[in-house]
Amino acid sequence: MAQFVYGKNVVKQMLMDNSKIKQIYMSVDDRDVEQLAHKQRVQLKRVDKKTLTQMTKTDRHQGVVAEVDPYRLYSVDEIVQNVSEDGKGLIIMLDELEDPHNLGAILRTADAIGATGVIFKKTNAVGLTATVAKVSAGAIDTVKCASVTNLSRTLEDLQKKGWWAVGTDMDGQDYRSVKYDFNTVLIIGNEGKGISRLLREKCDFVVSLPMRGKIESLNAAVSAGILMYSIYNMRFPL
């Protein structure tokens, strides 16, 4: 099945990075995209806006869409092997996350802090899509992602290999009370339901973000970003 990336800046960046693009579809004039495509010998095809919307399932394509190879997925073993020798690993496990904007933002932050990888379910969850690619600003190609059938079993396997599970929930301990000086699987739950009972029961720690205002919870990607940088700061203090 064809994969598409959309947005003027995203496609321009891919062309400048010499990323493999099969073809570009455009409903607008953009001299920069046209020149870069010509330089990289990527074929351009003129189509109308409606066609681009049908291809990408969104009207936010800005009139520029690139067809690319399917986004690569890795095995969990390949992700585990990605742990640097001089530090501890950090895997982000997403429990039925549904919003592609959240996944894209999480990938972007995961790239920024050098996370080991991201794991999500094959079903009942968002996967690597054009929207995720756009929001991730290129991190979809730099962060190793695995799609698995059973998160609970995957977590058990990781724990047997020495990884510790840190779940997130409203009634956990303060996230700052954990040192994270171990290979960590950070579990982020569904936008509405949170993490499942089975995963929570397997967690070594359950942490919460203190909420002093009137809002009861934070966006999943925001929560994940705070926690990822908290772990980074503890591991690499000034």
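Modeller: Gladly! Let's start with a term: a residue is buried when its relative accessible area is under 20%, exposed when it is over 50%, and partly exposed in between, using a 1.4 Å probe and protein chains only. In this predicted model, buried residues make up 47% of the 238 residues in the chain.

Colleague: What should I keep in mind about the numbering and the values?

Modeller: Residues are numbered from 1 along each chain as its sequence is written, and side-chain values use heavy atoms, leaving out hydrogens and water. Since the model is predicted, local features need pLDDT of at least 70 and side-chain atom pairs count only at pLDDT 80 or more, while totals for chains, interfaces and linings use all residues.

Colleague: How many helices and strands are there in the chain?

Modeller: Helices (H or I, at least four residues) and strands (E, at least two) are DSSP runs, numbered from the N terminus. Here the chain has 9 helices and 10 strands. Its radius of gyration, taken over C-alpha atoms, is 19 Å, close to the 18 Å of the globule rule for 238 residues, so the chain is as compact as a globular protein of that length. That rule is 2.2 Å times the number of residues to the power 0.38. Along its principal axes, the C-alpha trace spans about 55 × 40 × 40 Å.

Colleague: And what do contacts tell me?

Modeller: A contact means heavy atoms within 4.5 Å. Among contacts between residues at least 6 apart in sequence, 74% join residues at least 24 apart.

Colleague: Which strand does E1 pair with?

Modeller: Two strands pair if DSSP finds at least two bridges between them. E1 and E4 run antiparallel and are joined by 4 bridges, with Val5 standing opposite Ala66 in E4. Strand E1 (residues 3-6) is covered on both faces: Gln3 and Val5 are buried on one side, Phe4 and Tyr6 on the other.

Colleague: How many salt bridges does the structure hold?

Modeller: A salt bridge is a side-chain nitrogen of Lys or Arg within 4 Å of a carboxyl oxygen of Asp or Glu. The structure holds 15 of them. One of these joins Asp69 and Lys22, whose closest N and O atoms are 3.5 Å apart. Asp69 sits in the loop between strand E4 (64-68) and helix H4 (76-80), and Lys22 in strand E2 (residues 21-26), so the pair ties together parts 47 residues apart in sequence. Asp69 is partly exposed at 28% relative accessibility, and Lys22 is partly exposed at 45%.

Colleague: Where do Asp77 and Lys161 lie?

Modeller: Their side chains meet in a salt bridge, 2.7 Å from N to O. Asp77 lies in helix H4 and Lys161 in the loop between helix H7 (151-160) and strand E8 (164-174), so this pair ties together parts 84 residues apart in sequence.

Colleague: Is Asp171, a partner of Arg200, buried or exposed?

Modeller: Asp171 counts as exposed, at 56% relative accessibility, whereas Arg200 is partly exposed at 29%. In their salt bridge, the closest N and O atoms are 3.2 Å apart. The pair links Arg200 in helix H8 (residues 197-202) to Asp171 in strand E8, 29 residues apart. Elsewhere, salt bridges that share partners join Lys12, Asp30 and Asp32 into one network.
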